[in-house]
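Open your viewer and get ready to click along. We will go stop by stop, with something to select at each one.

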Amino acid sequence: MTLFKEMKSSDAKSRFEVLLSQRDNNETPAAIISCMLDFYRDERLDDCIIEDDGDMLLYQWGTYDWGQGRWFDFNITRQYVPGSGEDEDIFQLSVTAKYSPAHELDALGSGNKWCGSPKELPQFNEFIYNSPPLQFLHQKPCDKVDVSSNQTG
């Protein structure tokens with residue numbers, strides 16, 4: 001079900017934030033994952049070419065210190081390439097549930113999985129929902145949620 005008539009990549013973050021704010025328990029991994037998967041399934045970026053890896057999803061987790069202390073990050077990212085598909089035009093819309101470090105979270109290790117197109121969503125969805133991080137954190141509110149959009153190239 002498409003919610004927006006058309007969407008350019010420059011609109012992705014604001015439109016995703018609207019959808020996330022409408023979810024119950026929007027600070028739990030289950031709500032975050034569900035929202036991003038629905039957003040990816042239902043909302044195409046008109047200026048990105050899926051067939052050229054122009055609109056993909058990345059699921060990832062692990063305990064890291066990115067300069068602000070150690071946190072367990074539970075993340076899903078929509079990576080998209082508007083226009084010509086040049087490497088310097090790669091953008092990422094990320095939503096990360098952050099948890100204070102704990103032995104139970106460290107025991108989950110780290111990992112990631114890519115989804116290259118909407119056709120891969122059923123298998124990607126199954127992988128995520130059966131993954132140890134989501135099984136453990138499913139409805140546990142996080143300490144903070146970061147939604148960010150940046151250019152990686």
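The tour starts with the sheet, moves on to the helices and ends in the core.

**Before you click.** This is a predicted model, in which local features need pLDDT of at least 70 and side-chain atom pairs count only at pLDDT 80 or more, while totals for chains, interfaces and linings use all residues. Residues are numbered from 1 along each chain as its sequence is written, and side-chain values use heavy atoms, with hydrogens and water left out.

**Stop 1: the sheet.** Show the cartoon and look for the strands (DSSP runs of E, at least two residues, numbered from the N terminus, just as helices are runs of H or I of at least four). In what order do the five strands of the open sheet lie? The order is 4-1-2-3-5, with antiparallel pairing. Strands count as paired if DSSP finds at least two bridges between them. Strand 4 and strand 5 are the edges, each pairing on one side only. From one strand to the next, the twist averages 15 degrees.

Stop 2: Select strand 1 (55-65) and strand 2 (70-80). Eleven bridges join strand 1 and strand 2 in the antiparallel sense; select T63 and you will find F72 as its bridge partner in strand 2. Strand 2 and strand 3 run antiparallel and share nine bridges, and Y80 stands opposite F91 in strand 3. Strand 5, residues 144-151, pairs with strand 3 over eight bridges, again antiparallel. Here V95 has V147 in strand 5 as its bridge partner.

Keep strand 3 selected: eight of its nine residues are buried (under 20% relative accessible area; exposed is over 50%, and partly exposed lies in between, with a 1.4 Å probe and protein chains only).

**Stop 3: helix 1.** Select A12, R15, F16, L19 and L20, which are buried in helix 1. They lie on the same side of helix 1 because they cover an arc of only 135 degrees around the axis (the arc of the directions from the helix axis to the C-beta atoms).

**Stop 4: helix 2 and helix 4.** Helix 2 and helix 4 pack at about 175 degrees, their axes 12 Å apart (axes are lines fitted to C-alpha atoms, for helices over the stretch in contact, and angles run from 0 to 180 degrees between N-to-C directions). That makes the two helices roughly antiparallel, a label for angles over 145 degrees, with under 35 being roughly parallel, 65 to 115 roughly perpendicular and the rest oblique.

Which side of helix 4 is buried, and which is exposed? L121, F124 and I128 are buried, whereas P122, Q123, E126 and N130 on the other side are exposed.

**Stop 5: the core.** The largest nonpolar core has 34 residues, and I76 and F124 have the most contacts inside it. Such a core is a set of buried Ala, Val, Leu, Ile, Met, Phe, Trp, Tyr and Cys residues joined through side-chain atoms within 4.5 Å. Its largest share, seven residues, comes from helix 2. Finish by selecting F124: beyond its neighbours within four places in sequence, its contacts (heavy atoms within 4.5 Å) include L37, L57, I76 and W114.
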